[in-house]
Amino acid sequence: KTNASTLRIAGLSKGKVSFSIFNIQGKQVMNTSFDANNVKDISLPNLATGVYFAKVQTETGKITKKIILE
């Protein structure tokens with residue numbers, strides 16, 4: 001997280017990327033797609049303080065990480 005409204009994703013290989021954020025109950029609160037080139041800053045919607053799961057899916061695989069917004 002770079003600030004309260006931006007999330008930075010680093011280490012992306014070139015290609016199409018799908019990014020989603022889910023709340024703790026599993027409800028999708030954000031979904032976007034973009035062309036990756038190593039680092040991408042994503043503007044977050046106004047989300048309440050709490051725990052979320054960020055899912056990044058590329059052409060070569062996917063990863064899900066827990067993020068905490070304060």
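Of the 70 residues in the chain, 30% count as buried; the model is a predicted one. The chain exposes about 4700 Å², and 46% of that area comes from carbon and sulfur atoms.

As for the fold, there are 0 helices and 4 strands to work with, and a walk along the sequence gives β-β-β-β. The radius of gyration comes out at 12 Å, close to the 11 Å that the globule rule gives for 70 residues, so the chain is as compact as a globular protein of that length.

On the charge side, the tally is 10 positive and 4 negative side chains. The centres of these two sets sit 5 Å apart.

Zooming in on one residue, Thr 58 turns up in the loop that runs between β3 (50–57) and β4 (62–69). Despite its place in a loop, Thr 58 counts as buried, because its relative accessibility is 18% and the cut-off for buried is under 20%. What does its side chain pair with? The side chains of Thr 58 and Thr 60 are joined by a polar contact of 3.1 Å. Setting aside neighbours within four places in sequence, Thr 58 is also in contact with Leu 12, Lys 16 and Val 17.

Methods: Residues numbered from 1 in each chain as written. Predicted model: local features only at pLDDT ≥ 70, side-chain atom pairs only at ≥ 80, totals over all residues. Heavy atoms only, no water. Helix = DSSP H or I, 4+ residues; strand = E, 2+ residues; numbered from the N terminus. Rg over C-alpha atoms; globule rule 2.2 N^0.38 Å. Buried < 20%, exposed > 50% of the residue type's maximum accessible area, 1.4 Å probe, protein only. Areas by Shrake-Rupley, 256 points an atom, 1.4 Å probe, with all protein chains shown as cover. Lys, Arg positive; Asp, Glu negative; His and termini not counted. Charge placed at Lys NZ, Arg CZ, Asp CG, Glu CD. Polar contact = N/O pair within 3.5 Å; in protein donor to acceptor, adjacent residues only side chain to side chain. Contact = heavy atoms within 4.5 Å.
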